[in-house]
Amino acid sequence: MLPGEDRAARRVLLVCMAAGATTLLDQAVLNIAVPSMRQSIGATGADVQWIVAGYSLAFGLALVPGGSLGDLHGRKCLFLAGVAVFLLAGVAAATGGGPGTLIGARLVQGAAAGLVNSQVIGTIQDVFHGQARGRALGLYAVTGGVATALGPPLGGALVAGLGPEAGWRCCLLLSSPCAVLTLTLAARWLPPPRRTARNSRLDVLGLGLLCGCTLTLMVPFIRTPGSGGEALVWGTMVCALAAVFVVHQGLRVRRGRQPLVHPALTSSKPYMLGTAVAMAQFGSSLAAFLVLTVFLQDGLGLSALLTAAVTLPGAVGMGISSALAWRLVRRIGPRTVTVGLTLGIGAALAGAAVALCVPTAVLPMALAGTQLMSGVAGGLTVSPNQTQVLQHAPAEAAGVGGGILQMAQRIAAAVCLSAVPAVYLHTASGPPGGSHPRAGYALASCVCAGLLAVALLLSLLRQAATPPHPSVLAPPNHVGVVPRPKETT
């Protein structure tokens with residue numbers, strides 16, 4: 001390969017990292033600004049729930065359609081459109097005067113972020129392969145760790161320095177300069193659009209059924225809990241839509257038409273097991289982070305800035321270990337995920353023990369240590385597992401394969417963010433610094449450790465079902481760029 005081609009690949013990766021920073025920073029900053037935002041616009045608890053969780057809902061809904069459209073029509077135009085809509089929706093959210101405007105803008109912004117991220121995963125799949133793909137995904141995870149680390153301190157500083165009214169609005173505008181930079185770089189450096197799917201006709205009915213199934217599955221977990229009969233209705237709807245979707249996909253295969261979900265994905269045990277690993281790990285990590293922030297502020301009475309300082313080592317640890325994980329993959333291969341999950345289980349159990357045994361005066365510092373351990377574990381798990389999962393997605397379904405993986409993670413996040421904090425809140429009733437919040441945090445940490453144990457078991461089953469794959473275990477070539485296939489017509 002020519003040096004210019006190597007430089008082009010690095011520029012593509014830089015654009016992908018900028019897109020990840022833009023979308024993840026926005027979500028991390030908003031979490032700190034929620035109390036002042038609620039007071040400023042007079043939002044109810046249900047409004048706040050939809051402002052925060054609606055972003056994730058729309059994000060998840062857009063992933064598979066975005067990946068499928070990228071496979072069919074090329075990724076660059078969709079990437080640019082997604083970033084532009086994300087920027088405009090962010091400005092609308094920051095200048096909105098009421099909860100309804102903010103909810104609508106956040107839903108649009110979440111859908112745009114899902115469209116962008118599905119193109120990011122597909123682009124990395126197109127441009128990199130083997131160890132080079134693992135390194136690219138690792139650097140993409142570093143971007144997520146850095147954005148997550150910077151979000152809470154920046155949000156807290158803006159609210160403290162500018163006041164509640166202007167502070168939360170500036171928090172929503174913080175990602176705008178990143179979006180402008182990403183848009184500029186993408187227009188110059190992303191490769192020209194090209195189709196990777198053989199069939200240019202989109203499975204519209206399958207797309208509608210999948211979105212409906214995802215919507216009915218996620219909505220009950222991001223809204224005010226209803227009665228048992230209401231939960232049964234939602235569950236019945238999910239099962240019915242899922243059954244119709246499976247039948248529809250089978251009919252398209254028998255008729256010789258391309259289904260929305262490529263048959264190579266559903267028939268691959270390593271892909272399905274790896275996706276399940278990602279679901280358990282992602283849901284556990286997000287739920288653990290939310291419980292920790294609630295415990296530190298409500299249980300121990302710490303400020304938002306001190307809470308951000310406790311969580312900072314975890315984000316830094318994840319960023320560093322994500323960047324170095326490919327070196328461990330080169331040495332021990334898929335067992336890297338096993339090491340990361342085992343370390344994560346240890347970190348969760350250590351957090352439970354610390355919460356129960358360490359004096360209050362030094363508890364924040366001790367929890368910062370467990371967060372560092374947890375962050376390192378996440379860095380050793382996320383990108384290596386993602387690489388192993390996506391190697392089983394064929395080139396013509398790279399976008400859909402990545403979209404399904406991320407959508408499954410969002411569904412797991414919705415479930416875990418509802419269930420695990422409920423475990424904490426049920427146990428942690430008492431004054432700040434008392435024993436009940438400590439017991440609640442310890443119990444919630446043990447639940448997260450159990451989820452990681454399930455992920456570890458699934459990972460071991462995946463290893464047993466996966467033959468050696470030279471594209472992942474062999475050393476990368478000197479450039480790490482996969483030759484571009486000719487455009488299909």
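**Ring pairs, salt bridges and surface**

Modeller: The structure holds 3 aromatic pairs. The model is predicted.

Biologist: Are the rings of Tyr55 and Phe59 stacked, edge-to-face or tilted?

Modeller: A pair of aromatic rings is described by the distance of the centres and the angle of the planes. For Tyr55 and Phe59 the centres are 6.3 Å apart and the planes stand at 40 degrees. Planes under 30 degrees apart count as stacked and those over 60 as edge-to-face. The angle for Tyr55 and Phe59 is 40 degrees, so the pair is tilted.

Biologist: Where do Tyr55 and Phe59 lie, and how many residues apart are they?

Modeller: Both Tyr55 and Phe59 are buried. They are separated by about one helical turn in helix α2 (residues 45–73), because they are 4 residues apart.

Biologist: Which parts does the pair of Phe295 and Tyr441 tie together?

Modeller: Phe295 and Tyr441 form a stacked pair, with 4.9 Å from centre to centre and 10 degrees between the planes. Phe295 has a relative accessible area of 0% and is buried, and Tyr441 counts as buried at 5%. Ring pairs also link Phe295, Tyr424 and Tyr441 into a cluster. The two parts tied together are 146 residues apart in sequence: Phe295 lies in helix α10 (residues 269–299) and Tyr441 in helix α15 (residues 435–465).

Biologist: How many salt bridges does the structure hold, and what is the N to O distance for Arg10 and Asp6?

Modeller: The structure holds 5 salt bridges. Arg10 and Asp6 both lie in helix α1 (residues 3–41), 4 residues apart, about one turn of the helix. Their side chains meet in a salt bridge, with an N to O distance of 2.5 Å.

Biologist: Which parts does the salt bridge of Arg252 and Asp203 tie together?

Modeller: The closest N and O atoms of Arg252 and Asp203 are 3.6 Å apart. Both residues are buried. Arg252 lies in helix α8 (residues 228–254) and Asp203 in the loop between α6 and α7 (204–218), so the pair joins parts that are 49 residues apart in sequence.

Biologist: Which residues make the nonpolar surface patch of about 330 Å²?

Modeller: One of them is Ile320, in helix α11 (residues 304–332). Exposed means over 50% relative accessible area, so Ile320, at 51%, counts as exposed. The patch is made by Leu312, Val316, Ile320 and Leu324.

Biologist: Which residues of α6 are buried?

Modeller: Helix α6 (residues 176–189) has 14 residues and reaches 20 Å from its first C-alpha to its last, close to the 20 Å expected. The buried residues in α6 are Ser176, Ala179, Thr182, Leu185 and Ala186.

Technical notes:
Residues numbered from 1 in each chain as written. Predicted model: local features only at pLDDT ≥ 70, side-chain atom pairs only at ≥ 80, totals over all residues. Heavy atoms only, no water. Expected span 1.5 Å × (residues − 1). Buried < 20%, exposed > 50% of the residue type's maximum accessible area, 1.4 Å probe, protein only. Patch = residues over 30% accessible without salt bridge, like charges linked within 9 Å, V, L, I, M, F, W, Y side chains within 5 Å. Areas by Shrake-Rupley, 256 points an atom, 1.4 Å probe, with all protein chains shown as cover. Salt bridge = Lys/Arg side-chain N within 4 Å of Asp/Glu carboxyl O. Phe/Tyr/Trp six-rings, centres within 6.5 Å; stacked < 30°, edge-to-face > 60°.
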